[in-house]
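Please examine the sequence and the model shown here.

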Amino acid sequence: NAMKRDRDDTDFRGVSESYNQRKEGCVFCEPDRKIEGINSLAYAIRDKHPVTELHTLIIPKRHIAGMFDLYQPELNAIHRLIKQIKEKTIEPIVFYCKS
């Protein structure tokens with residue numbers, strides 16, 4: 001951080017408002033399936049045409065061009081959602097030792 005100084009001129013004031021922007025007819029703004037998990041910055045739905053059983057899409061709430069346009073709080077929220085969906089979807093394997 002000492003090297004960073006004050007060179008970052010990103011203005012984050014409008015970012016929170018961008019989460020409320022919805023586009024009519026957008027398949028991501030108006031999902032047509034059950035939401036499997038949700039938090040303040042992302043949500044999860046099952047894939048309409050899954051390659052594997054229970055394939056799930058994790059979708060940020062803000063419109064972006066690609067993953068590299070996500071801010072760190074969004075990446076954190078997506079990661080938390082992935083863990084939540086994994087816990088709901090995959091049953092833990094319990095091993096018992098015979099004594």
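Isoleucine 38 is found in strand S1; helices (H or I, at least four residues) and strands (E, at least two) are taken as DSSP runs and numbered from the N terminus. The model is a predicted one, in which local features need pLDDT of at least 70 and side-chain atom pairs count only at pLDDT 80 or more, while totals for chains, interfaces and linings use all residues. Residues are numbered from 1 along each chain as its sequence is written, and side-chain values use heavy atoms, with hydrogens and water left out.

With a relative accessibility of 47%, isoleucine 38 counts as partly exposed; this class lies between buried, under 20% relative accessible area, and exposed, over 50% (1.4 Å probe, protein chains only). Its C-alpha atom is separated by 9.5 Å from that of isoleucine 59, a residue 21 positions away along the chain.

The protein chain as a whole contains two helices and three strands. Read from the N terminus, these elements follow the order α-β-β-β-α. Of its 99 residues, 25% count as buried. Alanine 77, in helix H2 (residues 72–89), is buried at 0% relative accessibility. Between the C-alpha atoms of alanine 77 and proline 60, which are 17 residues apart along the chain, the separation is 8.7 Å.

**Charged side chains**

How many salt bridges does the structure hold? There are five, a salt bridge being a side-chain nitrogen of Lys or Arg within 4 Å of a carboxyl oxygen of Asp or Glu. Asp32, Arg33 and Lys48 are linked in a network of such bridges. Arginine 33, at 26% relative accessibility, counts as partly exposed, and lysine 48 counts as partly exposed at 49%.

Another salt bridge joins lysine 34 to glutamate 36, where the closest N and O atoms are 4.0 Å apart. Here lysine 34 counts as exposed at 59% relative accessibility, whereas glutamate 36 counts as buried at 13%.

Aspartate 47 is placed in the loop between strand S2 (42–46) and strand S3 (56–60). Which side chain of opposite charge is nearest to aspartate 47? It is arginine 33, 4.7 Å away, and aspartate 47 is buried yet has no salt bridge; for the charges, Lys and Arg count as positive and Asp and Glu as negative, with His and the chain ends not counted. The side chain of aspartate 47 does reach the backbone nitrogen of histidine 49 at 3.1 Å.

Most residues other than glycine have a negative phi. Leucine 54, by contrast, has a positive phi, near 65 degrees. Leucine 54 lies in the loop between S2 and S3 and counts as partly exposed at 42% relative accessibility.

**The largest pocket**

Rolling a probe the size of a water molecule over the atoms shows where empty space is left. The largest pocket holds about 220 Å³ of space. A pocket is found on a 1 Å grid over the protein atoms alone, as an open set of points where a 1.4 Å probe fits, with protein on both sides within 12 Å along at least five of seven lines; lining residues have an atom within 4 Å of a point. Thirteen residues line the largest pocket, and Phe28, Ile59, Pro60, Arg62 and Ile64 lie nearest its centre. By class, the lining has eight nonpolar, two polar and three charged residues; Ala, Val, Leu, Ile, Met, Phe, Trp, Tyr, Cys and Pro count as nonpolar, Asp, Glu, Lys and Arg as charged, and the others, Gly among them, as polar.

Conventions:
Points joined across faces, edges and corners; volume = space filled by probe spheres on them. Polar contact = N/O pair within 3.5 Å; in protein donor to acceptor, adjacent residues only side chain to side chain.
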